[in-house]
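Me: I am new to this structure and would like a close look at one part of it. Please keep the answer brisk.

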Amino acid sequence: MQNMRHYVIMAVLVVVVAVLTYSGLNSLGLMPVAASAQALPIDWLFDLQVKAMAFFFAVVIVPLAYSLIVFRRRDGDTSEGEHIEGNTPLELTWTAIPLVIVIAMGYIGASNLAQIRAVDPQAAQIKVTGFQWGWRFEYPQGFTSNTLYLPADQQVVLQMESLDVLHSFWVPEFRLKQDLVPGRITEYRITPTRVGDYKVRCAEICGTSHAYMEAPVKVVSRADYDIWVADQTAQAQAAAAASAGQPDAGRGRTLYEESGCKACHSLDGSKGVGPTWKGLFEESVALADGTSVTADEAYLIESIKMPGAKTVEGYPPNAMPSFTYLKDGQVADLVAFIKTLK
Amino acid sequence: MNRSPGSFSRAVLFLFVGLLAGLGLGILLHTLTSGVFNATYFADIPSWMLGFLLGTLGFFYGLLGYFGVVRGLIFQVLGTLLGAGLVSAVRALLKTSFFDLATFGLTEPAWVFGGLVGAVAFLAGVGALSDWWKWARGEETHDHHEDIPGWRKYFGVSLDHKVIGIQYTFTSLLLLSVGGLFALIFRTELAKSGLDIISLNFYNTLMSLHGMVMIVSILVGIAGVINYLVPLLIGAQDMAFPRLNAFSYWVAVPAAVLLLASLGLGGFDTGWTGYPPLASRAPVGIQMFYLGVWVAGWSSILGALNLIVTVLRMRAKGMTAFRMPIFVWASLATSIISLTATQLIGLSFQMSMFQRLFGMPFFDAAKGGNPVLFQHLFWFYSHPAVYVFVLPGLGIISELLPVFVRKPLFGYRWVALSSIGIALVGFLVWAHHMFTSGMNEYLRVPFMYSTLLVAVPTGVKFFSWVATLYKGKITTPVPMLFVLGGIVVFLMGGLSGPPNATVSTDLHLHDTYFIVGHFHDTMFGGYIFPFFAALYYWFPKATGKRLNETLGKWHFWLMTPSFLILTLFMMRVGLLGMRRRIADYDPALGFDPWHLAMTIAAFGIALAVLIFFYNIYKTLKSDQMATGNIWNSRSPEWQVPSPMPAHNYDHEFEVVGEPYDYGLPGSTYVKM
Amino acid sequence: MNHENHSGSLYQGLVIFVILAFLTAVEYFIAITNASVLLLSIVAFIKVGLVMYYYMHVYKLAQEDDEHDHHSYAWKLATNRLGLWLFLLSDSFVFGGLFISRFNLLGFTRPPLNQFLGLIVTTVLLISSFFMNRGETQMARGDRKGFMLSTAITFLLGLGFLVGVVFIEWPNAAAEGLTVSGSAAGGIFYMMTGMHAFHVLTGLIFLVIILRNTARGHYSAEKHWAVEAAAVYWHFIDVVWIFFYPALYLIGKLM
Ligand code: HEA
Ligand code: HEA
Ligand code: CUA
Ligand SMILES: [Cu+2]
């Protein structure tokens, strides 16, 4: 009877504590807003897990605290505890129940995963390039952008590629995360649902400026998206036509800022991850192999297109990613820009 | 020769002399190589590292004279120079640039080879190899070394497992302080958004070293407790291979030096996981990091080997498998992992080292390598390793609970076998760290299942602990407080595991502070709390003096809430979008107040640890003795007076009962 | 240890060697005919089983010793044995990791290597194992002279293997375009053979040590743990190569 009373009190307390823990956590608002179709099953599953966590937390904490209070040694009591060695049925029970729960969780987890990986054959494709320390998005219409524009309510699949080291594509509001691995193309499938401004944040340490490897993500309505695409396509065509004519330092500066050169090359003479561009043109550059070259146009073009070919003294080899996607015209723009930096 | 040549005040004096000399030397070298003097050299990390090295050397020299660890460190420095010089000389013969300071002795291969030679030289210098050298020459060695009396024996090679255990424990606390200090520095940076006090690269280095130094500290601390306790618990005179035991300890010391030396060589920015291809571009510091871990790995492997043999062959009469103290089971489970899996982290680091040194492109996709392969090899160890961290800790919890509850451990066999179960299942789960890595997609589901499975044997432990408490006569002196704190904190850490194990939720949680919160909870609950419990509990056994209860309670009641704030807030911001391993975060996320609270909590933990150190100091100074069975335990080591006699038990004892039969009148565990 | 049956154990060593040699030939034959990975693995496992049981005496681990005096030689011997085997278990994880890396990186292709040379060095290593076994049984019988001779032959064969791999096969492979830094295939080839060669080198050092100490009269028929340890270690190197040889030379399409 004594035992029965303990059990009943503990059982009631377990329920109370579990419910309180769960509702307490829930009322905090654990996750950021959900902005993708994939976020819904994930949030649903996480919520289920929080329930399980709250329950098992209570199952352990309640009897622990209860025993500590009820069975504490009173002053002057020198007797020993009750001699209970164990109870095999009980042990079997608390092995079997978690086992069943765990298998169920695995099953739910697997079907949940299938749900978020569901493929829409109509999905739009966008190419994502990650590099130290920036992002770049290439649209099938043939233009590139530093902001990821996504149409709401349509599945897109990002074909992701890294130019140098591991990076990881993460938009917290989309919930999903996927690494970019050099030498292969990884895939990130998402259906944005909520119009708004977000950020992609690199989630895999990738060196010095990993903390700052972010880029804006804009989810816009289908109509706005189409307008933006048309606009960008036109701009890109105009730019291509223009750079086919004359290299232009102004466009070069924009490229400098948007293609990621800025992360490593300063314009004010200070040493960054890479050498400064200030006064670079026509200067003699000491190379790591002991020779030196004059930074003429050919050298600059080579340095941009094949950074591995010559390494500047005092810098690690292969530190600079090869920006293979830069078109010849764009490289010419960059060189024109470097020439202006006296 | 055993005349104590030094004193504490001399040690402190030499510490400062060494520090200044090293710093000065560093600045001088800097000035010479660059040709100009610059006031910023005073803030130069390599010079400070040189200063710390010479300062440490000076400190120990002042304390001990030319003996033990001092000789080891001097040998290590000379060995490093010798090794580096050798490489440079060979390179000079092959090339031409002999007098070029930049290439002479300062190239990467020179540092790596030098580091390796230095580590071996340390072992030779400290004297951990001498007996083996004699064996190879066919000479006899004495079976029983008599130790130097007094505290100096702790600073030189001793074959006594108790001395080695204390050496390990002391080293572990030292590393814990160093790693903690790193955490305090970078936590201060994180207190508010913006980059205020340290540079990006220095943040990355500190963060990475914090992780690995703490992990090495755990490995060393576990070895300490195991070494001190297991032979006592099973009634052995010593470990099976005392020389190997000493070697395992001493090899960890140069390893720690190497790890810290990475700070002086440009640091590295990869996190403790050291993933290529980033590692292939990191400064030379990464090589010292790899090498340090590689060397420390040998400490783990050989220590585990020794332990398994000891437990299998040296148990007292009557100690059948299911009459072993539960901690022995836990140590055995841990050692199975350390013995085998450790080789794989060694291999992965070695391959990455070779990729840098010789250009072997294992992980270079452009040449047919596979960056993900590294992650598989790395986690094949580093996941099971997390169970290396906790199994002894959970063993300590199971060991101490019955003593303070005065009741048998509930379901002894289940608890014992669950350790082995956790260890074995732990081998099959490694890829749960790689759900986003781009590995084969279909592999994610089986790894999810196997990972979730670990919850089952871990649950058995928790439920058995709770059932042990039920109907006991519970007292809560300091060791028991830490046991209870450990249970609660580890529960929180453990329960935050399944959401990571489930693939789709992990896609959100991976590489966020949620994970950081998860593993601080598991490691604190599963290791740090039980470790402190063990220190409070067995300190009287080792020294004959009992740590002050009041200070102990301060320690506990300051550390626990601070710690809970730290990790709960970590999980909170992690879910909301705080990435790991970033020196600065977007103020727009609104995390500033949370991070400030975490930083304050971190200092709370540090203060608690300082109280603990003060407690040790004060207790050692006092002359209040506690030589009896102060916890009223049934365990054999408490049946003899404290501190433990030099040769353990005078007569072998015999096991005649169950280990945890508290509350059964008239039963004993061992017959002395 | 069975002292009476010494000629028997020499005879046994020979028989095992002949079977091993035969299996190696079979292996080679499988490789040139259909290169079945399954068959090749079966052969490798049989070979390893034979070496472990008959040359390395793994069964001795299970021998019950009712010796409870922890200072007795018998007790220490059994303890040392357990330690050595645990070390080998640990070490085999390195080689296992390399083995798996090889298949991860190269899949079912193999680098262009000199088949003839591969067969030669493999055979040399197998013969050395035979002489090692012979030496150990001779020592157990108290035949120190015979032991010295057999061990010296083992040493020379081991040296031959090392030279074959490091000074012939390596330059040869490099000339074929398989360089250290050229491709992952090159990297893993040099890493695997290099780690194995490093173990051969340490094995040779142990052989020198036991030879030198025997010459100074150190071991006896009853007490020669060092000899046993060096022998077991030497066979372990052989076991590793039994897996590495097909992995590097036989399995997969030529790349
Ligand atoms: C001591 C160390 C320790 C321990 C014990 C654990 C225990 C567990 N860990 Fe943790 N883990 C780490 C240390 C540890 N971990 C570290 C250091 C990292 C990060 C490494 C890095 O990237 O730097 C990490 C990362 C990590 C990841 C990768 C996350 C990521 O990067 O994306 C995952 C994913 O599955 C995971 C899962 C688990 C699980 C399921 C357990 C389980 O063993 C927990 C089992 C326990 C319980 C579940 C609680 C008690 C059980 C019950 C009360 C029974 C009933 C419960 C249920 C049925 C659910 N851990
Ligand atoms: C056992 C392991 C362990 C322990 C105990 C700790 C303890 C602490 N950890 Fe750490 N931590 C890790 C293991 C551990 N950590 C690992 C593995 C990582 C991952 C690294 C990676 O991503 O690669 C990590 C990462 C990590 C991060 C994430 C960094 C990032 O991703 O950018 C943070 C952030 O707050 C943090 C904080 C802390 C704090 C505040 C403590 C505090 O508890 C520390 C408290 C302080 C002390 C214990 C020292 C007290 C002593 C003194 C002050 C005396 C000093 C005096 C002398 C030297 C004489 N840790
Ligand atoms: Cu890119 Cu972090
Ligand atoms: Cu893990």
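Which residues are the protein donors of the copper ion (ligand 4), and which atoms do they use?

Reply: First, a caution: this is a predicted model. The copper ion (ligand 4) has B:H383, B:H432 and B:H433 as its protein donors. B:H383 uses ND1. B:H432 and B:H433 each use NE2. These donors lie 1.8 to 2.1 Å from the copper ion. Along the sequence, their spacing reads H-x48-H-H. The site links distant parts of the chain: B:H383 and B:H433 are 50 residues apart. B:H383 sits in helix α12 (residues 371-405) of chain B. B:H433 sits in the loop between α13 (412-425) and α14 (444-453) of chain B.

How covered are these two? B:H383 has a relative accessible area of 4%, so it counts as buried, the cut-off being under 20%. B:H433 is partly exposed, because its relative accessibility is 23%.

The copper ion also has a metal neighbour. The iron atom of ligand 1 is 4.5 Å from it.

Now for another ligand in the model. Ligand 2 is surrounded by 34 residues. Among the closest are B:R187, B:H210 and B:H520. The side chain of B:R187 places a polar atom 2.6 Å from an oxygen atom of ligand 2. B:H210 has a side-chain N or O atom 2.8 Å from a nitrogen atom of ligand 2. For B:H520, a polar side-chain atom also lies 2.8 Å from a nitrogen atom of ligand 2. Helix α6(B) gives the largest share of this shell, eight residues. By class, the shell holds 25 nonpolar, six polar and three charged residues.

Notes:
Residues numbered from 1 in each chain as written. Chains lettered and ligands numbered in written order. Predicted model: local features only at pLDDT ≥ 70, side-chain atom pairs only at ≥ 80, totals over all residues. Heavy atoms only, no water. Donors = N, O, S within 2.8 Å, 3.2 Å for Na, K, Ca; no water. Helix = DSSP H or I, 4+ residues; strand = E, 2+ residues; numbered from the N terminus. Buried < 20%, exposed > 50% of the residue type's maximum accessible area, 1.4 Å probe, protein only. Near = heavy atom within 4 Å. Polar contact = N/O pair within 3.5 Å; in protein donor to acceptor, adjacent residues only side chain to side chain. Nonpolar A, V, L, I, M, F, W, Y, C, P; charged D, E, K, R; others polar.
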